[in-house]
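User: I would like to go through this model with you, beginning with the aromatic residues. Could you take my questions one at a time?

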Amino acid sequence: MKHLSSVLTTSIESVAKSAVAIDVVVVGSGPAGVTTAIEVARAGYSVVIFEAGPFVIPAHVGSMPFRSRDDITPRIHELVRYKTAWDSNPNLDADKPRPLNNDAWAAVGGRSLFWGGCTPRFADWDFADWPIDAADMAPFYDRAEEIMHVSGRAPERPPFFRGEKQSALLERLANAGIGASHAALGVDTREALNGYMPRGFDCAIDRLVRSGLLATEVTHGAIVLVPEAPVDRVVAPEGHADGVIVSDPDGGMRYRIRAKHVVLAGGAIQSTRLALASGLDALHPSVGKYVADHLFVQGLFKLKAPMGSPIYAFVDPTPERPFHVQIQGPFPETWYTPYHATVWLDCDPEGLYLLVYCFGVGEPSENNVVMQTRCRSDAPGDLGQYCVVADRTRNDRKVLKAMEAFLPDLAEAMGAECVRSQINPAGSALHEIGGLRMGATAKDGVVDTYGCFHALPNLSVADAAAWPSQGSANSYLTIVAWALRQAGEVVERLKAS
């Protein structure tokens, strides 16, 4: 019996031999890549997605019955996780190994297999550094929330956590002068109606499978998915992206795949690394620069008595307080690890502890860069041949101290105690941006306001590599909204050509 992956996917060789021209190649199958592929295919164009990692499971791991099983969930991560290097030292030798101190993932569906569910929008003021504003993004946010079935943002999709205890908590925080709200989550809470069942937890690969667009041969109006196919570089002679070079790790072959348009959607760091590996840093001095990650402080609150009900509250950021706080639980005493991104699904009403995640705005300094290395790692293909060189700015450190100081005050306002807190290093939030910075003109940035390279109009960026900055909000929703905007422009350019 064939595995599901062999029914829904195809080989590089099959794509290379296709008699049908490929309109769009998408590099990466996370939320940005899947969103782009679906939009372009529905417009009638042929799409091929190349994913460096394997096809693991077409659903969100955090919604499975074993989501908090310490003997199973880490093993799923290990199937697709690889180690990476983040270092604050700018004087690095590209040939010398450095400690692999951070995590990355390569799999069909990307990090949406493991993500934590919180889906707020950026605030209006978060777009101050962008060449577009909140009004430009608003219709794409609306569509993204509908596509992802985000709870808490529309009357037909009420908040996932909305009990009396949560309402009482929000009122208590409001009385303390702390604005808070029900957390918007990527969980479908619509009522089952006329045989329609809600779709549960949003996941990129689940969305791709449900689309009905997957095909095993290149076809107009369909998507071909090729897993375990690392893209070595983008081929871009004379101001035109001609396609990509793809490796077949099993057969030891490399293939040149031609396409009318190429979309980078491997995540901010991988899209930037691939641009560097393709020699695209010659196009603009900002390629590889202005990388940032959220400032990340985590905490643990202890209640005086059990709440008796699960909660997930969101303390809103303000211009004066450029960070937000996610409060979830209660649990027996625990601590955040990447293995338990959705541990909030397993709340213990009699527990005394609340997990607290505090995310702040990090500055995308010009000195924060993706640097190519020639050191091998456990990543597929060349995915691990880089180091992110990034340090905290003076303002970053100021905000981190303010975040850490805010947690005890927040706990006191809730009638709890902050028993533990920790400032996490750069890269640990896993919300990276930058490297292929957006600008209104070719002088101002690498890509334009639709993610297309100024110097290579048929090469675009569907992920957060294009962002000049980010708000405190978790990135997923804005990535989907940005990918929708980018995909619309790709379709218009295909029509024009």
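User: Is F122 buried or exposed?
Analyst: In this predicted model, F122 counts as buried, because its relative accessibility is 5%.

User: Which aromatic residue does F122 pair with, and what is the geometry?
Analyst: F122 pairs with F127 in a tilted arrangement, with 5.9 Å between the centres and 50° between the planes. F127 is buried as well, at a relative accessible area of 3%.

User: Which residues make up the cluster around them?
Analyst: Ring pairs join F122 and F127 with W130, W467 and W482 in a cluster.

User: And how many aromatic pairs are there in the whole structure?
Analyst: The search of the whole structure gives 14 aromatic pairs. One of them is W115 with F201, which is edge-to-face at 5.4 Å centre to centre and 90° between the planes.

User: Where in the chain do W115 and F201 lie?
Analyst: They come from distant parts of the chain, 86 residues apart. W115 is in the loop between β4 (102-105) and α5 (134-148), whereas F201 is in the loop between β5 (180-182) and α7 (204-210). W115 is buried at a relative accessible area of 11%, and F201 is buried at 8%.

User: Something else: which charged residues sit over rings?
Analyst: Among them, R437 lies over the face of Y290, at 4.2 Å from the ring centre. The charged end of R321 sits over the ring of F323, 5.9 Å from the centre of that ring.

User: Now the cysteines. How many disulfides does the search find?
Analyst: The search of the whole structure finds 0 disulfides. C118, for example, is in no disulfide, and the nearest cysteine sulfur, in C358, is 12 Å away.

User: What does S112 touch, then?
Analyst: Not counting residues up to four places away in sequence, S112 touches P31, H60, D202, C203, A204, I205 and Y476. S112 is placed in the loop between β4 and α5, and it is buried at a relative accessible area of 2%.

User: Which backbone oxygen lies 2.5 Å from a polar atom of the S112 side chain?
Analyst: The backbone oxygen of G109 lies at that distance of 2.5 Å from a polar atom of the S112 side chain.

User: Let us finish with the nonpolar cores. Which residues touch the most other members of the largest one?
Analyst: The largest nonpolar core has 125 residues, and F50, I223, V244 and F453 touch the most other members. Helix α10 (residues 476-496) gives the most to this core, with 11 residues.

User: What is F453 in contact with?
Analyst: Leaving aside neighbours within four places in sequence, F453 is in contact with L264, L280, L283, L436, V446, V447, L459, S460 and V461.

User: How many residues are in the second core?
Analyst: The second core is separate and has 28 residues, including L173, V315, L354 and L410.

Key. Residues are numbered from 1 along each chain as its sequence is written. This is a predicted model: local features need pLDDT of at least 70, side-chain atom pairs count only at pLDDT 80 or more; totals for chains, interfaces and linings use all residues. Side-chain values use heavy atoms; hydrogens and water are left out. A disulfide is a pair of cysteine sulfur atoms within 2.5 Å. Rings of Phe, Tyr and Trp (its six-membered ring) pair if their centres lie within 6.5 Å; planes under 30 degrees apart count as stacked, over 60 as edge-to-face and the rest as tilted. Helices (H or I, at least four residues) and strands (E, at least two) are DSSP runs, numbered from the N terminus. Buried means under 20% relative accessible area, exposed over 50%, partly exposed in between (1.4 Å probe, protein chains only). A charge sits over a ring if NZ of Lys or CZ of Arg is within 6 Å of the ring centre and within 35 degrees of the ring normal. A nonpolar core is a set of buried Ala, Val, Leu, Ile, Met, Phe, Trp, Tyr and Cys residues joined through side-chain atoms within 4.5 Å. Contact means heavy atoms within 4.5 Å. A polar contact is a pair of N or O atoms within 3.5 Å; within protein, one must be able to donate a hydrogen and the other to accept it, and residues adjacent in sequence count only if both atoms are side-chain atoms.
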